[in-house]
Amino acid sequence: MIYVRIADKKHVVAAQECLENLNFDGNELINEVGVLLSQEEARLLVAIELIDGQNVSSEQVVGAMILKYDDYSYNLVSLACRLGHTRKGIGSALVQAATRKCQAEHVPKLWCWSLARFQAKPFYEKQGFDECYYLHRQYFGEDCWILAKNIQLNKP
Ligand SMILES: CC(C)(COP(=O)(O)OP(=O)(O)OC[C@H]1O[C@@H](n2cnc3c(N)ncnc32)[C@H](O)[C@@H]1OP(=O)(O)O)[C@@H](O)C(=O)NCCC(=O)NCCS
């Protein structure tokens, strides 16, 4: 079983291990994930796999995401699964949690930058990101997508 929660201190190292899989020049933020624990405007969320043994159950952080509030939208700053844990629904669980957070806080937009070489566009499209623009040499000199989804908000 996989569940998503706001990280606390004990998740920081494992979250960094996941986010280290995002290898790009602007990824120095992963050194600061511990700082995010105390911030309101930026949040570290983790996906946790619950493994039920015969007598004991254990937990492992299998994905991490940094979410930053930015002018009536949430920017999904970083998202990655633990190495060897892709295609198990972890990325989807994290994006669904981000979507629920937007809905709960009446934030109408969720968006991200995604470097072209990560080839993550099909994943984001599956999550309902239907506004997609390609920019050449935009991020630290690399080609990337800007991807966004409008959040269905219930009327107050
Ligand atoms: C991108 C990433 C977060 C996706 O997370 P994930 O847990 O593997 O994705 P899910 O299992 O939730 O996938 C849901 C659906 O998205 C689509 N999808 C996911 N990865 C895909 C890929 N590499 N190519 C095409 N479609 C993909 C599929 O339709 C998939 O459903 P399926 O497995 O039933 O076919 C993960 O692959 C990852 O950590 N990659 C390395 C870091 C990275 O690229 N991060 C994003 C950069 S901004």
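This is a predicted model: local features need pLDDT of at least 70, side-chain atom pairs count only at pLDDT 80 or more; totals for chains, interfaces and linings use all residues.
**Ground rules.** I number residues from 1 along each chain as its sequence is written, and I leave hydrogens and water out, using heavy atoms for side-chain values.

**Ligand.** I looked up what surrounds the ligand and found 19 residues, each with a heavy atom within 4 Å of it. The closest are Cys-81, Arg-87, Gly-89, Gly-91 and Ser-92. I then checked N and O pairs, taking a polar contact as such a pair within 3.5 Å; within protein, one atom must be able to donate a hydrogen and the other to accept it, and residues adjacent in sequence count only if both atoms are side-chain atoms. A polar side-chain atom of Ser-92 sits 2.4 Å from a ligand oxygen. A backbone N or O atom of Gly-89 is 2.8 Å from an oxygen of the ligand. For a polar backbone atom of Lys-88, I read 3.3 Å to a ligand oxygen. The ligand on its own has 900 Å² of accessible area, and the protein covers 73% of that (Shrake-Rupley method, 1.4 Å probe).

**Helix H3.** I take helices as DSSP runs of H or I with at least four residues and strands as E runs of at least two, numbered from the N terminus. H3 covers residues 90–104. Does its length agree or disagree with 1.5 Å a residue? It agrees, because the 15 residues should span 21 Å and the end C-alpha atoms are 21 Å apart. The expected span is 1.5 Å times one less than the number of residues. Buried residues of H3 include Ile-90, Leu-94, Val-95 and Cys-102 (buried is under 20% relative accessible area, 1.4 Å probe, protein chains only). After H3 comes His-106, with a positive phi near 55°.

**Gln-127.** I found Gln-127 in the loop between helix H4 (121–126) and strand S6 (131–139). Gln-127 is buried, at 11% relative accessible area. Its side chain makes a polar contact of 3.1 Å with the side chain of Ser-92. Beyond four places in sequence, Gln-127 touches Ser-92, Val-95, Gln-96 and Lys-149 (heavy atoms within 4.5 Å).

**Phe-24.** I placed Phe-24 in the loop between helices H1 (12–19) and H2 (33–36). Phe-24 counts as buried, at 17%. Its C-alpha is 8.4 Å from that of Phe-140, 116 residues away along the chain. Outside four places in sequence, the contacts of Phe-24 are Leu-115, Arg-117, Phe-118, Tyr-139 and Glu-142.

Terms used. Buried means under 20% relative accessible area, exposed over 50%, partly exposed in between (1.4 Å probe, protein chains only).
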